[in-house]
Amino acid sequence: MPEEVSEVSKAKGKYFKLSPQKARLVIDMIRGQNVGKALGILKVTPKRACRPIEKVLKSAIANAKEKQPTIDVDRLYVYRAYVDSGPTKMWKRIRPTSMLKVMRIMRRHSHITIHLAEKEK
């Protein structure tokens, strides 16, 4: 039987101006990691998506401290993390493509969700 995991906290960040596909590359690196290690990974990774993801992760840590003041932050890990697609804004500008076609410029947005859980002893 799978172990029961007690989820401690979660945080959501909405309407970040970055592509969900590019944000998922960074989220995949921190999923399942210890919170301290995940913050270290986000500090040294040269991707634009790291700053908003770090912001949401710090918010989840603060939520855990607020919910349970006696919790040991060193025992928290990223239990579940995912990126959903937000609204896509179609600009009234075009980008030329091959064979004399044109495409509208799309500005994508992302919703980032991070769940933290406490490791069992």
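This is a predicted model: local features need pLDDT of at least 70, side-chain atom pairs count only at pLDDT 80 or more; totals for chains, interfaces and linings use all residues.
Helix H1 spans residues 20–30. Its buried residues are Pro 20, Ala 23, Val 26, Ile 27 and Ile 30. Seen down the helix axis, these residues fall within an arc of 120°, so they line one face of H1. Gln 21 and Lys 22, on the other side of H1, are exposed. The buried residues pack against two helices, H2 (35–44) and H3 (50–67). They also pack against two strands, S2 (76–85) and S5 (110–118). Just after H1, Gly 32 adopts a positive phi of about 85°.

A positive phi also occurs in the hairpin formed by S3 and S4, at Met 99 in the turn, with a value of about 55°. Five residues separate the two strands. S3 covers residues 89–96 and S4 covers residues 102–107. Their pairing is antiparallel and runs over five bridges.

The largest pocket holds about 440 Å³ of space. Its lining comprises 15 residues. Nearest the pocket centre lie Leu 18, Ser 19, Lys 22, Arg 48 and Arg 108. Two elements, H1 and S4, each give two or more residues to the lining. The largest share, five residues, comes from S4. By class, the lining has eight charged, six nonpolar and one polar residue.

Technical notes:
Residues are numbered from 1 along each chain as its sequence is written. Side-chain values use heavy atoms; hydrogens and water are left out. Two strands pair if DSSP finds at least two bridges between them. Helices (H or I, at least four residues) and strands (E, at least two) are DSSP runs, numbered from the N terminus. Buried means under 20% relative accessible area, exposed over 50%, partly exposed in between (1.4 Å probe, protein chains only). The arc is that of the directions from the helix axis to the C-beta atoms. Contact means heavy atoms within 4.5 Å. On a 1 Å grid over the protein atoms alone, a cavity is a set of points where a 1.4 Å probe fits but cannot get out, and a pocket is an open set with protein on both sides within 12 Å along at least five of seven lines; lining residues have an atom within 4 Å of a point. Grid points are joined across faces, edges and corners, and a volume is the space filled by probe spheres set on the points. Ala, Val, Leu, Ile, Met, Phe, Trp, Tyr, Cys and Pro count as nonpolar, Asp, Glu, Lys and Arg as charged, and the others, Gly among them, as polar.
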